[in-house]
Amino acid sequence: MAGRPDGGTTRSREAKSGFLKPWKLPAPFLLLLPTFIVLAAVVVIPLLLSLYSSFTPFRLTRPDTIWTFIGLRNYERLFTDWDFWVAFGRTVLLLTFALNLEMILGLGLAMLVEKATRGQRILRTIMMFPMMFSPVLVGFQFKFMFNDNVGLINNALQSLGLTDRAIPWLIDGTLAFIAILVAEIWSSTAVFAIFILAGLMAMPREPLEAARVDGCTPWQTFRYVTWPFVMPFAFIAMTIRSLDIARAYDIVKIMTDGGPAKRTEILWTLIARTGYSDARMGLANAMAYFAIFLSILFTVIFFRKLAQARSQIGAEW
Amino acid sequence: MAPVSLSKLVKRYGSVEVVHGIDLDVADREFIALVGPSGCGKSTTLRMIAGLEDISGGEIRIGGTVVNDLPPRARNISMVFQSYALYPHMTVAENMGFSLKIAGKDKSVTEERVAEAARTLGLEALLDRRPSQLSGGQRQRVAMGRAIVRDPEVFLFDEPLSNLDAKLRTQMRTEIKKLHAKVQSTVVYVTHDQVEAMTLADRIVIMRDGHIEQVGTPEEVFQRPATHFVAGFIGSPPMNLREAVVDDGKLAFGEDATLPLPAQFRDRVTAGQKVVFGLRPDDLYPSGHGIHSGEAHEVHEMERTVSITEPLGNETLVFAGFGGTEWVSRMLNPRPMKAGEPVKLSFDLSQAHLFDAETGRSLRV
């Protein structure tokens, strides 16, 4: 380049700014392009496609129905569909019960483990055991335990003389809901316990001592000092678990499959049934989009609470 | 407003005993400082008084009542912690009023007391802030406000100024002194900083390895240290302490260096006895630069060579070798002096200290 006459450089510059330019993308864009392509292929396009299909009467059995555009009719049907709202309500109910009970139990567990002076590592590991099992297996296990004939629970209750009949755990609607709740809580209380334990362990000791000197009873120390500090950690666990339960499917699918007679139907068992068994994928997608709003709503609420709690304790993270 | 008394107080962690049966009486409204190097048991002692540590043996009385088994909240004490220990989620006002809220005091009473404490400590403008928005000095002031608001019988301070920078520390020291003059409570103050102890306390308790070495006023512990540990701990720069052997009216140091045996100790030692000789830098000065005029004193002059100097403006510390070790002397109204220069040093032996090398106890009358 150094030896070239001035005219040569000018000409090559002209050539660049001429018809060659459209082919030369800027380097940053070029380097990000693979990511864009992959993301588009695995996320954006399927998402848009499913969104589009929720505006069609698409059935898996009749592929050409995807080309029929029916506007918001699927959504209109949802709003008047009693089964959908019952499933929706049941999901919210499951979410409420499970989150609250898991938080109380997790808090208790975390505080007990934190008190342990010896073997805390082992206890922490043991505490996480339930999370190491596949939810499907947890479902099978609890399905067996709650079985009205051969199940462990009825057997135990009968041997203890607490009842002499076979309690229809997985058949009665309310009892089945409780059974599912128990399985859900057993498998995931550790999430709360781990987060709250992390909070307890990160907590400075001195404010607790200051509270004791300031005249607090152990309960007051917990209520006014420990809990405000641990709260943000509990909210993180809440966010994670609310997303988890809002998309709950596996345990319910195995234990009751939404039955009997839709008595334990929750959002995703209903969506899966509508999409695959009834093959009404368009309607199922409309339901799914609606369900996602539920998740987003909970996430927003908890994140807001989290931010509030964090600024309250002056956290630097 | 209550006396505190410790008798035969013992603290054990498992089989390790860290406080070995100490006795101490703190008078009503007295400001007492516990000093000593880290690990000497001073903080543990304070925490036992507070009720944050169990007592393994002995007895603690506050205002005449045995408090051994009372929880901290029943002892009517306030404590200021080294790390401030403020409640991070509460505002300054809430922090200060917390103990009253817990005690179920009327809201207007709480507000009044908080406002008054805030005025005393200059915190009025900060009442709505949270601790994370305050500087270190402000946080410590809030911690003190929290203690005052309770109006306790005894204030306990656990190294309250250690986390502050030097300038702020001096300032807060003055404030604590003013505060004590104002609230007139009994204070037990733990520090590892002898200057804090000297400037603040009515009496100083010097602790070492879980024992009390000496209890006395700042003057007493400075002028008449009971042990050579106290002698070395109190005073800055520290006292020159050197091992010596008594030999025919003389003290023999290493390398054939000797000093005359100070007159007041002549009858108190025997030939061949191993002792520790102590002389403060103030009492070892380049001739003509000391505090005392030489005549009434037992001054021994000696020609040495300056090894280094540390000029401090109003005075210069001059280091010179003697008996195989470096001795530090203090030159008031300093003149320029360089390393390697010869210097005539005055040893004021009337001010010397002599300790038994075995027991470490002072041989003074």
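This is a predicted model: local features need pLDDT of at least 70, side-chain atom pairs count only at pLDDT 80 or more; totals for chains, interfaces and linings use all residues.

Residues are numbered from 1 along each chain as its sequence is written, chains are lettered from A and ligands numbered from 1 in the order in which they are written, and side-chain values use heavy atoms, with hydrogens and water left out.

**Exercise 1.** Find out how chain B is divided into domains.

*Solution.* Begin with the bounds, which come from an automatic or database domain assignment: domain 1 of chain B covers 4-233 and domain 2 covers 240-356. Next, look at the spacing: the C-alpha centres of these two domains of chain B lie 39 Å apart.

**Exercise 2.** Describe the interface of domain 1 of chain B and domain 2 of chain B.

*Solution.* Step one is to count contacts (heavy atoms within 4.5 Å): 9 residues of domain 1 of chain B touch 5 residues of domain 2 of chain B. Step two is the buried area, meaning the accessible area (1.4 Å probe) that two parts lose on being put together, summed over both. Here that area is about 580 Å², with carbon and sulfur atoms giving 66%. On the domain 1 side, B:Phe222, B:His228 and B:Ala231 supply 70% of the area buried against domain 2 of chain B, more than any other three residues.

**Exercise 3.** Now describe how chain A meets chain B.

*Solution.* The contact takes 21 residues from chain A and 24 from chain B. About 2,000 Å² is buried between the chains, and carbon and sulfur atoms give 61% of this area. In chain A, the residues that lose the most area to chain B are A:Val213, A:Asp214 and A:Tyr224, together 33% of what that side buries. Searching for salt bridges, the rule finds 2 across the interface of chain A and chain B. One of them joins the side chains of A:Glu209 and B:Arg47 (2.6 Å, N to O).

Definitions and conventions
A salt bridge is a side-chain nitrogen of Lys or Arg within 4 Å of a carboxyl oxygen of Asp or Glu.
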